[in-house]
Amino acid sequence: MPKTASDAAPHASNVSVTPASPRRRALFTTGLLMLLGIMPGMGIPGGLMLGVADRFFIAFTGATALRAIGETAWPLSLIITVLLPLPLLPVLSWVSRWRSGGVGLRLFAVLVALSVWGLLLSVVGLFIAVRR
């Protein structure tokens with residue numbers, strides 16, 4: 001019976017594990033968020049973004065866009081949920097270059113960028129759906 005780990009596996013010291021790059025981790029996270037947004041979320045993040053975008057339509061036009069599109073809102077919220085994490089990789093690489101600013105500021109910048117992206121998608125999606 002071996003007494004040390006080097007006796008049990010003589011070639012174990014030759015194995016080296018290279019950590020995944022931040023870009024590869026962010027790409028994996030983006031893909032995972034896109035898949036998880038459909039399965040358990042069922043369009044809830046996109047629906048929330050549509051609700052906020054509908055408030056802009058009410059403020060500018062005086063009418064609600066969600067009521068105008070009816071049942072088209074459900075597939076539209078699924079599409080927005082899937083497309084929501086797309087700018088995650090570029091935003092993370094942009095924020096990682098910041099020399100000053102702590103983790104809280106970087107996280108806030110990422111959340112604001114994703115929120116603006118989701119709101120932009122929702123406004124464009126509602127505009128296209130209302131025009132049909």
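The second largest pocket of this predicted model has a volume of about 180 Å³. Its lining is formed by Pro22, Arg23, Arg25, Ala26, Thr29, Leu88, Leu89, Leu92, Ser93 and Ser96, and the elements that contribute two or more residues to this lining are α2 (22–38) and α6 (88–96). When the lining residues of the second largest pocket are sorted by class, five are nonpolar, three are polar and two are charged.

The largest pocket, by comparison, holds about 240 Å³ of space. It is lined by 15 residues, of which Thr72, Leu76, Gly125, Ile128 and Ala129 are the closest to its centre. Helices α4, α5 and α7 each supply at least two residues of the lining of the largest pocket, and α7 provides the largest share, with six residues. By class, the lining of the largest pocket consists of twelve nonpolar residues, two polar residues and one charged residue.

Of the 132 residues of the protein chain, 25% count as buried. Among the contacts in the protein chain between residues at least 6 apart in sequence, 74% join residues at least 24 apart.

The interior may be considered next. In soluble globular proteins, nonpolar side chains tend to be buried together. In the present model, the largest nonpolar core has eleven residues, namely Met49, Leu50, Ala53, Phe57, Ala65, Ile69, Ala73, Leu76, Ile80, Leu121 and Leu126. At least two residues of this core are supplied by each of α3 (44–61), α4 (65–69), α5 (73–83) and α7 (103–131), and α3 gives the most to this core, with four residues. One member of the core, Leu50, is in contact, once its neighbours within four places in sequence are left aside, with Leu66, Ala73, Leu76, Ser77, Ile80, Ser122 and Leu126. A second, separate core of six residues includes Leu88, Val95, Ala109 and Val110.

Phe56 and Val123 are 67 residues apart in sequence, and their C-alpha atoms are 8.2 Å apart in space.

With regard to aromatic rings, the count comes to one aromatic pair. The rings of Trp94 and Trp98 have their centres 5.0 Å apart and their planes at 80 degrees, and because planes over 60 degrees apart count as edge-to-face, the pair is assigned to that class. Both members of the pair are partly exposed: Trp94 has a relative accessible area of 46%, and Trp98 has a relative accessible area of 22%.

How values were computed: Residues are numbered from 1 along each chain as its sequence is written. This is a predicted model: local features need pLDDT of at least 70, side-chain atom pairs count only at pLDDT 80 or more; totals for chains, interfaces and linings use all residues. Side-chain values use heavy atoms; hydrogens and water are left out. Rings of Phe, Tyr and Trp (its six-membered ring) pair if their centres lie within 6.5 Å; planes under 30 degrees apart count as stacked, over 60 as edge-to-face and the rest as tilted. Buried means under 20% relative accessible area, exposed over 50%, partly exposed in between (1.4 Å probe, protein chains only). A nonpolar core is a set of buried Ala, Val, Leu, Ile, Met, Phe, Trp, Tyr and Cys residues joined through side-chain atoms within 4.5 Å. Contact means heavy atoms within 4.5 Å. On a 1 Å grid over the protein atoms alone, a cavity is a set of points where a 1.4 Å probe fits but cannot get out, and a pocket is an open set with protein on both sides within 12 Å along at least five of seven lines; lining residues have an atom within 4 Å of a point. Grid points are joined across faces, edges and corners, and a volume is the space filled by probe spheres set on the points. Ala, Val, Leu, Ile, Met, Phe, Trp, Tyr, Cys and Pro count as nonpolar, Asp, Glu, Lys and Arg as charged, and the others, Gly among them, as polar.
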